[in-house]
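This report concerns the nonpolar cores of a model and the contact between its chains. Please consult the sequence and structure shown here alongside the text.

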Amino acid sequence: MGEAIVVNAFLTLRVFLVGGLLVALPRVTRKGLLLGAYVGEEVADGEPARQLVRSWDRGCLIVMAISLMVGYGISLAGRPVTGNLTGTAVLLLAALGLYVRHYSMARRLTPPESVRRVELVTVPLVAPARTGERLAKTALAICVALSLGTVVYATLSYRVMPPLVPDAFGGVGGSAELSPKSVITVLFVPTLNLVLSPFFALMGLLTAGAKRSVRGGSGGGSAEAQESFRTLMANVFSGTALFICAVLTVLSAHIVRTGLGRTGFLWAVFALSGAMLLFMVASLIWILKAHGQGGALRESATAEMPLTGGLADNAHWILGMFYVDRDDPSIMVEKRFGIGYSLNYGNRSALVIVGTFALLILGLGALGLFGIVL
Amino acid sequence: MVTLTIDRCHQQPVYEQVADQIRRLISADELAPGTALPSVRQLARDLGVNLNTIARAYRLLEAEGFLAIRDRAGVTVAAPPAEVDHAARSKLLDQMRVTLARLRQTGMTTGELMKVVRREVDALGTRPGQEHGHG
């Protein structure tokens, strides 16, 4: 019963966080964009657009209610963990369906002149501040150094470790169980650290150099708004990378130390994980509230100051979520619907980065699973 | 913040549009000497054009004395030279003579030519320490 209450509380929190974010997004997005489609600044202010947002709000509430009912129902049947997972899956799938439906409706509101390829591109002609880039580079260096350190520490301790070692949070998430010593069980977490934390720092570095989307005409302060937003998002990535590195470094050390029969510090892992989640959620909520997506809340927007370039070009967006432009050298571009930046899937470097990361994570997951089974 | 706008469907190549606008902004003192411009990579990303397009525009402006490109300092607006480069100035004046002659050949009157030249000079604005309308 106690477990069911905790698991259901997590499900409720997740549903309200995700649902609340979905309801908030159309209100903090850049003027001219409507649920992932560029409809122009005038249409975005019109009654049909407001009706569509109201329909979106209703849909979000229904999706939240359904996912909670499914989760609670399965939990009441005596399977709280399955209920939690199923409720979360229903939430994500139903939200995706709702988004696709509303995106299609928004595209129908797009006036014909906005559908054609956007010909004008306005950009700031001043070198960007490099604070975001510097922090990301520092975070990358720290993450690589610390994660390499954990790999070396685990490798050096390997010989003197007993035949049974704790496989805390291995490939299948088992906690503090003892498994036969193998390269995989001992080195899984340090290697995960070597992949995950530098990847997040790299995303921070790429975000710091992401494409800037400013408005035409007098700009309405969009260049400054975009600059602050981009730096903040890069800093969130860098901070998250440092937290991930700290969590996995401490966890690696804990596994090795307990394996050697010394005192562990799992409490520090939980404390750091909690702090990391708090940092991510709080900073994203604050950025959305104070700046809006892409700095939307800090710019003025009228029909005389339209969005220009890739962000306004419907031809290069698939479902308003995936930007694909082979001629654009940008790796990261501002999201139309969501928080922060997304990859340009037409860019070879972006594909290499994502592909490499996916392969490493899948490979590690498979090795972890293999190690636990052994 | 100073901005630059290009039209991807315009007849004029993108590198010329970029170079033209930067030239005008520097002449009108909207970009002061020493101002750091975005790197080739950043400007190419922002505009969504090939890196070579921006590199070509920057190299052209560097050759014309508008920009200074250094590895560590990046791209900055160049200050006018302390000493007059008579040879370069003479070459530009020759080009202007040819342009004026060609404009006259299109049928423009002297009055119209004067008006155009006056308008273009006015558009450049006045630099601090210079009197408008004099040499």
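Which residues of the largest nonpolar core touch the most other members? In this predicted model, they are A:Ala136 and A:Ala241, in a core of 54 residues. At least two residues of this core come from each of several elements of chain A, namely helices 6, 7, 8 and 9 together with strands 8 and 9. Helix 8 of chain A contributes the most, 20 residues. The residue ranges of these elements are tabulated below.

| Element of chain A | Residues |
|---|---|
| Helix 6 | 131-158 |
| Helix 7 | 183-208 |
| Helix 8 | 222-259 |
| Helix 9 | 266-290 |
| Strand 8 | 332-334 |
| Strand 9 | 341-343 |

When neighbours within four places in sequence are set aside, the contacts of A:Ala136 are A:Ala201, A:Gly204, A:Leu205, A:Ala208, A:Ala234, A:Phe237 and A:Ser238. Another core, of 27 residues, lies apart from the one described above; among its members are B:Ile26, B:Leu47, B:Val49 and B:Tyr58.

The contact between the chains involves 25 residues from chain A and 22 residues from chain B. On the side of chain A that touches chain B, strand 3 (120-124) and helix 8 of chain A are the elements that supply two or more residues. Strand 3 of chain A has the largest share, with five residues. By class, this side of chain A comprises 11 nonpolar, seven polar and seven charged residues.

Strand 3 of chain A also pairs with strand 1 (residues 3-7) of chain B, in the antiparallel sense and over five bridges. Within strand 1 of chain B, B:Leu4 is the bridge partner of A:Val123.

Key: Residues numbered from 1 in each chain as written. Chains lettered and ligands numbered in written order. Predicted model: local features only at pLDDT ≥ 70, side-chain atom pairs only at ≥ 80, totals over all residues. Core = buried A, V, L, I, M, F, W, Y, C linked by C-beta atoms within 7 Å. Buried ≥ 20, exposed ≤ 12 C-beta atoms within 10 Å, placed from the backbone. Helix = DSSP H or I, 4+ residues; strand = E, 2+ residues; numbered from the N terminus. Contact = placed C-beta atoms within 7 Å. Nonpolar A, V, L, I, M, F, W, Y, C, P; charged D, E, K, R; others polar. Pairing = 2+ DSSP bridges.
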